Amino acid sequence: APSGRSAALRARMEERLLAARFRYINQQLYTSTSREAAQLFQNDPEAFEIYHRGFAQQVGRWPENPVHRIVRYLRRRPASLVVADFGCGDCKIASSIKNKVHSFDLVPLSPLVTVCDMAKVPLAAESVDIAVFCLALMGTNLQEILEEANRVLKQGGTLMVAEVASRFEDIRAFVNAMAQLGFKSVSK
Ligand code: SAH
């Protein structure tokens, strides 16, 4: 049996390897199309597990998890509003509010998940009041993904995006591009 010290070293090294794999998968998700991302997780189910462990660890170190802020906002709005959570992960939103929430992800971390590529969700047009992308605006086909959110949103519905600031080269350009897709910025 390994001595205490070598076991601890081994555990530390394994932890670092997992963290590196998380960063690698995260980068892949942001630099490939959503279809390629779906393929990635289909071919390697372990990748999803590693990704989510790393994700939870990283967010756990932040002063605030944006999903909590989104939940606080949603709790102040009527419970009759229908919500769609794109890239829902472990469904924190669906499990924290009374509203009808459609939770979409590539892999089911929870029974509340509808497995699909968020570029094509199984919802009727104009059936949702609030669409959420919390740390999930990934994929190089963002335009297609946001057009899908636009399709399912009712006229005058709300789109909420939480993303790491460093992901944006130019937030103004992003807001302008969103305006071209039909989203008016009401709060930043
Ligand atoms: N919104 C959750 C999880 C964010 S992690 C939260 O804030 O806690 C990003 C999630 O987006 C991951 O679960 C990942 O599997 C999912 N995702 C990435 N690309 C996707 C795609 N094309 N379709 C559906 N889900 C996707």
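**A look inside, starting from the outside**

Tutor: Lys 184 is exposed, with a relative accessible area of 72%. Keep in mind that this is a predicted model. Lys 184 lies in the segment after α6 (171-180).

Leu 159 is a handy way in. The largest nonpolar core has 22 residues, and Leu 159 is listed with Phe 86, Phe 133 and Leu 146 as those with the most contacts inside it. Which elements each supply at least two residues of this core? They are β1 (83-86), β4 (128-134), α5 (142-152) and β5 (153-162). Of these, α5 gives the most, with 4 residues.

Let's zoom in on Phe 86. Leaving aside residues up to four places away in sequence, Phe 86 touches Phe 104, Met 118, Val 121, Ala 131, Val 132, Phe 133, Cys 134, Ala 136, Ala 149 and Val 152. There is also a second, separate core of 20 residues, which includes Ile 70, Leu 81, Cys 91 and Met 160.

That brings us to the cysteines. How many disulfides are there? The count comes to 0. Take Cys 88: the nearest cysteine sulfur, that of Cys 91, is 3.8 Å away, and Cys 88 is in no disulfide, because a pair of sulfur atoms has to be within 2.5 Å to count as one. Cys 88 is buried, at a relative accessible area of 8%. Cys 134, the one that Phe 86 touches, has its closest cysteine sulfur in Cys 88, 11 Å away, so that is too far for a bond. Cys 134 also counts as buried, with 10% relative accessibility.

You'll find Cys 91 in the loop between β1 and β2 (101-105), and its relative accessible area is 0%, so Cys 91 is buried. Cys 91 isn't a glycine, but it has a positive phi of about 65 degrees.

Leu 135 has a positive phi too, about 55 degrees, and isn't a glycine either. Look for Leu 135 in the loop between β4 and α5; at 9% relative accessibility, Leu 135 counts as buried. Asn 141 has its place in the loop between β4 and α5 as well. Is Asn 141 buried or exposed? Asn 141 is buried, with a relative accessible area of 10%. Not counting residues up to four places away in sequence, Asn 141 touches Thr 33, Ser 34, Arg 35 and Ala 119.

Two of those contacts, Ser 34 and Arg 35, take us to helix α2, which spans residues 34-43. Helix α1 (residues 4-31) and α2 have axes that come within 8 Å and cross at roughly 145 degrees. The crossing in which α1 passes α2 is right-handed. Which residues meet there? On the α1 side they are Ile 25, Gln 28 and Leu 29, and on the α2 side Ala 37, Leu 40 and Phe 41. Sorted by class, this contact has 5 nonpolar, 1 polar and no charged residues.

Notes:
Residues numbered from 1 in each chain as written. Predicted model: local features only at pLDDT ≥ 70, side-chain atom pairs only at ≥ 80, totals over all residues. Heavy atoms only, no water. Core = buried A, V, L, I, M, F, W, Y, C linked by side-chain atoms within 4.5 Å. Buried < 20%, exposed > 50% of the residue type's maximum accessible area, 1.4 Å probe, protein only. Contact = heavy atoms within 4.5 Å. Axes fitted to C-alpha atoms, helices over the stretch in contact; angles between N-to-C directions. Left-handed = near helix turned anticlockwise from the far one by under 90°. Nonpolar A, V, L, I, M, F, W, Y, C, P; charged D, E, K, R; others polar.
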